[in-house]
Amino acid sequence: MTLLIIDNEPMIREGIVALLQAYCDSITQIHEADGVQAGLKAITQHKPDIVLLDVEMDDGTGFELVQQLNHPAFQLIFITAHNKYAIDAFRCAAIDFLLKPVDPLQLQESIGRAQKQIEQQNLSEQLAVMLKQYMHRRDPDQKIVLKDINSTYFVKVQDILFCEADGTYTKFYFTNNSPILVSKNLKEYEAVLEPFGFIRTHHSYLANPLHIRLFDKTDGGSLVFEGGLSIPVSQRKKDYVLQRLETR
């Protein structure tokens, strides 16, 4: 399997090469590029299976690089420092990322996930979601990417009713579709959806206030959505939830 590292820092590239050689036996060829233009040429020349792409480089950003790609046929893993807006965009699009300095175990896990998804050709759509999130934060028409064991879904944030914790999984409920069960926990999606106004009403629930029809005071309190579904509100969060609903 061929991998390309695109990063402007030679020490970072050398460190990642050493980690790949030590922990990732499936990577048989490793190529390097030091910027956006060199990276685009290397992608064309080497046709990598996996690309590790830095966010900030001397001649541009990783975002500018992916905007120049036509139907990319590789798995993409971003490498970044603590750039909150970039990380939010990656999470929205379900695109993998590694934080600098790169941790060996996390690198190994990311390469393993990329190998499993090597046949999937959803990267163009995922990049579109990522770029829209990065450039137009809090856009009501923003989509996020959800993956279950069989499929990848591109769903509008405004179509989500609420999310429910199910162990280490999260179940999404929608205005117009069947629920989707995703293998990430609710806390991770709270970080993704909170900028869009979603409210954590309970340790097991995250609600979209756009679709809340009423607050029912009986049985400790619950929120009733358009269509009749309801979720509980914890006593500890009741005042906070009511305040948020009043300022919608």
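Colleague: What space lies in the largest pocket, and what makes it a pocket and not a cavity?
Modeller: About 1,100 Å³ of space lies in there, the volume being what is filled by probe spheres set on grid points joined across faces, edges and corners. On a 1 Å grid over the protein atoms alone, a pocket is an open set of points with protein on both sides within 12 Å along at least five of seven lines, whereas in a cavity a 1.4 Å probe fits but cannot get out. One caution before we go on: this is a predicted model, where local features need pLDDT of at least 70 and side-chain atom pairs count only at pLDDT 80 or more, while totals for chains, interfaces and linings use all residues. Residues are numbered from 1 along each chain as its sequence is written, and side-chain values use heavy atoms, with hydrogens and water left out.

Colleague: What makes a residue part of the lining, and which ones are closest to the centre of the largest pocket?
Modeller: A lining residue has an atom within 4 Å of a point. For the largest pocket, 41 residues line it, and Ala-94, Asp-96, Arg-113, Gln-117 and Lys-184 are the closest to its centre.

Colleague: Which elements supply that lining?
Modeller: Among those with at least two residues each are strand E6 (75-80), helix H4 (84-92), helix H5 (104-116) and helix H6 (123-135). H5 gives the largest share, six residues.

Colleague: How do you know how the lining of the largest pocket divides by residue type?
Modeller: Ala, Val, Leu, Ile, Met, Phe, Trp, Tyr, Cys and Pro count as nonpolar, Asp, Glu, Lys and Arg as charged, and the others, Gly among them, as polar. Sorted that way, the lining has 20 nonpolar, twelve polar and nine charged residues.

Colleague: Let's stay with E6. Why is E6 called largely enclosed?
Modeller: Six of the six residues of E6 are buried, so the rest of the structure largely encloses it. Buried means under 20% relative accessible area, exposed over 50%, and partly exposed in between, with a 1.4 Å probe and protein chains only. Both faces of E6 are covered, with Gln-75, Ile-77 and Ile-79 buried on one side and Leu-76, Phe-78 and Thr-80 on the other.

Colleague: And Thr-2: why does Thr-2 count as buried?
Modeller: Thr-2 has 11% relative accessibility, so it counts as buried. It sits in strand E1 (residues 2-6). Beyond its neighbours within four places in sequence, Thr-2 is in contact (heavy atoms within 4.5 Å) with residues including Gln-29, His-46 and Ile-50.

Colleague: How do you know which strands pair with E6?
Modeller: Two strands pair if DSSP finds at least two bridges between them. Strand E3 (residues 50-54) has five bridges to E6, running parallel, and Val-51 stands opposite Leu-76. E6 and E7 share four, also in the parallel sense, with Thr-80 bridged to Leu-99 in E7. Together they belong to an open parallel sheet in the order E2-E1-E3-E6-E7. Strand E2 (29-33) and E7 are the edge strands, each pairing on one side only.

Colleague: What makes H1 a helix packed on the sheet?
Modeller: Contact does: helix H1 (residues 10-23) touches E1, E2, E3 and E6, and its direction makes about 170° with that of E2. H5 packs there too, touching E1, E3, E6 and E7, at about 165° to E7. Such angles run from 0 to 180 degrees between N-to-C directions, along lines fitted to C-alpha atoms, for helices over the stretch in contact.

Colleague: In the other sheet, why are E12 and E13 called edges?
Modeller: That open sheet runs E12-E11-E10-E14-E13, with antiparallel pairing. Strand E12 (180-182) and strand E13 (199-202) each have a single partner strand, so one side of each is left without a neighbour in the sheet. Its twist averages 25° from one strand to the next.

Colleague: What joins E13 to its partner E14?
Modeller: Three bridges, with E13 and strand E14 (residues 205-207) running antiparallel. Arg-200 has Leu-206 as its bridge partner in E14.

Colleague: And what do E10 and E11 form?
Modeller: A hairpin with two residues between the strands, where Gly-167 in the turn has a positive phi of about 65°. E10 and E11 pair over six antiparallel bridges, one of them linking Ala-165 and Thr-170.
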